[in-house]
Amino acid sequence: MAQLWGGRFTKETDQLVYNFNASISFDKKFYRQDMEGSIAHVKMLGKQGILTEQETEELTAGVKDILNEVESGELEISHEYEDIHSFVEAALIERLGDTGKKLHTGRSRNDQVALDMRMYTRQEILETDQLLDEMLNAVLRIMDQNVDTFMPGFTHLQKAQPVTLAHHMGAYFEMFKRDRFRMEDIYHRMNYCPLGSGALAGTTYDLDRYYTAELLGFDGPTLNSMDGVSDRDYLIEYLSALCTVMMHLSRFSEEIIIWNSNEYQFVEIDDAYSTGSSIMPQKKNPDIAELVRGKTGRVYGSLMSLLTTMKGIPLAYNKDMQEDKELVFDAIDTVKGCLALFTGMLTTIRFNKDKMEESAKKGFTNATDAADYLVNHGVPFRDAHGIVGQIVLYCIERKTAIDDLSLDELKAISPVFEEDIFEAVSMKTCVEKRLTVGAPGQEAMKKVIAMEKEYLSQDWKKDLPDWENKLLK
């Protein structure tokens, strides 16, 4: 068993204990971040004169070689080692001898793993943000093409008032836009470097932590070494943000599932994102939407697990914190997979516009506008509400819509109605007269779409430093 801490011990760790304690089976996931952190640490040690120029060059080149060999598949990360840090250091010692043993000067595995996890999470935030950006572009394309596609808006899953597909999709655009804001916010709040915190109390070596932070693209070093090695707030924030992403995806999935049902037939999901039944040949199931909805609870579980793990941990580092990795890795992979698949489904979905408009008409979504018509002709609102209620009941009994009644039928219920009632309650009029900011009217929607296009033309990530190419060149 290869380990870095045997001097204090007189007997080997029991194999089961060793296996239980080891983390390389999952922390090998951030091998790249571990080696980049080592390169930055070595360069800083050289700058400070703690390592000679030759030692700095040999160690830097050695770590780069190991990184390249791992990425090319020439070198396999061996589970013989306890963790990724042990693997890298052992590989270096094998190549450089005593010089390789100097890699760990002025640092602890505690601040190493804190750095690796922070760098890995930082990169995953960028990738999650990119997937959200692609989702927003898919939603915006649908909005742009459907400013005059009428459909029912719902409350309590009951048809309420007419809206457009563009307006309905715009609600999800706002949700995923807020998710992107959360990614940016978390990135900047977490972007401080814990390397140099040591085990918990810093080090006696004259480290330049600001230089290390700069080399690795951080805004600066963490300002308390105990917090530096024991902070997992950024993971909790990121998991919380991922849970919100999944909640939004799940709501969207629920609507796609409903719209795909035989009762609604608002959408036709592409064959590539559907499956059939092994026994019922007529079935076309919305499996992707259902799986996204189902995986939401899995991501929620990761957040609750980490919160529970962290709630009773005293300062500073404790082995409990090793439990953060598998939870976070699984949640990240789940959310990224769901975003990619859902975006693919959304870009290929077909909307049945006629069905949507017919559903809005048959659902009496223009009833409020009929009542407003009466109010504008001098009828008190409470009386107008009752009159339109009678009209709706009349239509239900005859299985028709308000728009399809004759003027004589309407006048039989209230003589106030005139020929202009039909224009007043048409889907087009009901929607387009709603022109306040955020409403579904065509002019209002076009202004919002233009604003959303402007938002998507900007990318907060473009201003981030290109630290990785500089570090590895």
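Predicted model: local features only at pLDDT ≥ 70, side-chain atom pairs only at ≥ 80, totals over all residues.
1. Threonine 155 has glutamine 158 as its bridge partner in β2. Strands β1 and β2 (residues 158-164) run antiparallel and are joined by 6 bridges. The hairpin they form has 2 residues between the strands, and histidine 156 there takes a positive phi near 55°.

2. Asparagine 146 comes next. Where is asparagine 146 found? Its place is the loop between α6 (109-145) and β1 (150-155). Asparagine 146 counts as buried because its relative accessibility is 3%, and the cut-off for that class is under 20%. A polar atom of its side chain lies 2.8 Å from the backbone oxygen of isoleucine 142. The asparagine 146 side chain also makes a polar contact, at 3.5 Å, with the side chain of lysine 353. With neighbours within four places in sequence left aside, the residues in contact with asparagine 146 are Thr164, Leu165, Ala166 and Lys353.

3. The next points concern charged pairs. Side chains of opposite charge can pair when their charged atoms come close. How many salt bridges does a search of the whole structure find? The search finds 37.

4. Lysine 29 and aspartate 333 form a salt bridge in which the closest N and O atoms are 3.4 Å apart. Lysine 29 sits in the loop between α2 (24-27) and α3 (31-47), while aspartate 333 belongs to helix α12 (residues 324-348), so this pair ties together parts of the chain 304 residues apart in sequence. Lysine 29 counts as partly exposed, at 33% relative accessibility. Aspartate 333 is also classed as partly exposed, at 40%.

5. A salt bridge joins glutamate 452 to lysine 177, with the closest N and O atoms 3.0 Å apart. Here the link is between distant parts of the chain: glutamate 452 is in helix α19 (residues 442-456) and lysine 177 is in helix α7 (residues 165-190), 275 residues apart. Are these two residues buried or exposed? Both glutamate 452 and lysine 177 are buried.

6. Aspartate 369 and lysine 433 meet through their side chains in a salt bridge of 3.1 Å, N to O. Aspartate 369 lies in helix α14 (residues 367-376), and lysine 433 lies in the loop between α18 (427-432) and α19; the two are 64 residues apart, and the pair links distant parts of the chain. Aspartate 369 is buried, with a relative accessible area of 1%. Lysine 433, by contrast, is partly exposed, with a relative accessible area of 44%.

7. Which residues are linked in a network of salt bridges? The network consists of Asp129, Asp133, Arg180, Asp459 and Lys461.

8. The last point is about the surface. Leu200, Met226 and Leu315 make a nonpolar surface patch of about 260 Å². Leucine 315 is found in the loop between α11 (287-310) and α12. Why does leucine 315 count as exposed? Its relative accessible area is 61%, and exposed means over 50%.

Definitions and conventions
Residues numbered from 1 in each chain as written. Heavy atoms only, no water. Salt bridge = Lys/Arg side-chain N within 4 Å of Asp/Glu carboxyl O. Helix = DSSP H or I, 4+ residues; strand = E, 2+ residues; numbered from the N terminus. Buried < 20%, exposed > 50% of the residue type's maximum accessible area, 1.4 Å probe, protein only. Polar contact = N/O pair within 3.5 Å; in protein donor to acceptor, adjacent residues only side chain to side chain. Contact = heavy atoms within 4.5 Å. Patch = residues over 30% accessible without salt bridge, like charges linked within 9 Å, V, L, I, M, F, W, Y side chains within 5 Å. Areas by Shrake-Rupley, 256 points an atom, 1.4 Å probe, with all protein chains shown as cover. Pairing = 2+ DSSP bridges.
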